[in-house]
Amino acid sequence: MTNEISDVMTDENASAKEPTQANPIEQPASEPVTKLPENKEKQEDNAEKAELIGQLEALEAELLKEQIKVKLLILGILTEKLEDGASMAYGLCLAGKTPDDAANEIIDAYPHFKGVRKKLPQFSTESAGSGDGFSAIRRIFSTR
C-alpha cells in the first residue's frame, strides 16, 4: 500500500515539475498605457497645466520688465533710452538682482541715459499799472 501512495505522489510531483502546456489562445492586442481613456485625460490635464505654467512665466517676465521701466522712469531715464536701459536691467534681474538694484546700476553705469533737467528762466512782467507795454497800447487805441 505504501507503494501505491508513493506512486501516486510521485506522479503528482512529476506533473508539478513539468511545465504544463496550455493551448495558446489568441489574446486581443492591448492598447499602450498612454492610449487608455483615463491616461488620455491625465495627459490632457498635464498639457493644460504645462500651457498655463508657460503663460504664467511669460506674464511674470512681462511684469518684471514693466516694473523695471517704472523704476528707470522714476530715476529720470530719457524716454528714448528707456527700452535699451530696460533690456539691460532685465538681464541683470535674470542674473539675480532686484529691479531696484538693476535700475540703479544701469543709471549709474550709463549716465548719458539720464535726462538732465534744465532750469528755464522765468520772466515776469508787471501787468498792472502804467509801466507795462500793454498799457501804452491800450492808451493809443482808447484815444481814437
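These legends accompany close-up views of one predicted model.

View 1. From the N terminus on, the elements run α-α-α-α-α. Of the 144 residues, 14% count as buried. The chain exposes about 12600 Å². Carbon and sulfur atoms supply 56% of that area. Take the contacts between residues at least 6 apart in sequence: 49% of them join residues at least 24 apart.

**View 2. The largest nonpolar core has 14 residues.** Those with the most contacts inside this core are Leu-64, Ile-68, Leu-72, Ile-77, Ala-89, Cys-93 and Ile-106. Helix H2 (37–75), helix H3 (82–94) and helix H4 (99–109) each supply at least two core residues. The largest share, five residues, comes from H3. In soluble globular proteins, nonpolar side chains tend to be buried together.

**View 3. Leu-64 is one of the core residues with the most contacts inside the core.** Set aside its neighbours within four places in sequence. Leu-64 is then in contact with Tyr-90, Cys-93 and Pro-99.

**View 4. Lys-65 lies over the face of Tyr-90.** The distance to the ring centre is 5.1 Å. Tyr-90 also contacts Leu-64.

**View 5. Tyr-110 and Phe-113 form a stacked aromatic pair.** A search of the whole structure finds one such aromatic pair. The ring centres are 5.3 Å apart and the planes are at 20°, so the pair counts as stacked. Phe-113 is buried, because its relative accessible area of 6% falls under the 20% cut-off.

Methods:
Residues are numbered from 1 along each chain as its sequence is written. This is a predicted model: local features need pLDDT of at least 70, side-chain atom pairs count only at pLDDT 80 or more; totals for chains, interfaces and linings use all residues. Side-chain values use heavy atoms; hydrogens and water are left out. A nonpolar core is a set of buried Ala, Val, Leu, Ile, Met, Phe, Trp, Tyr and Cys residues joined through side-chain atoms within 4.5 Å. Buried means under 20% relative accessible area, exposed over 50%, partly exposed in between (1.4 Å probe, protein chains only). Helices (H or I, at least four residues) and strands (E, at least two) are DSSP runs, numbered from the N terminus. Contact means heavy atoms within 4.5 Å. Accessible areas come from the Shrake-Rupley method with a 1.4 Å probe; for residues, only the protein chains shown count as cover. Rings of Phe, Tyr and Trp (its six-membered ring) pair if their centres lie within 6.5 Å; planes under 30 degrees apart count as stacked, over 60 as edge-to-face and the rest as tilted. A charge sits over a ring if NZ of Lys or CZ of Arg is within 6 Å of the ring centre and within 35 degrees of the ring normal.
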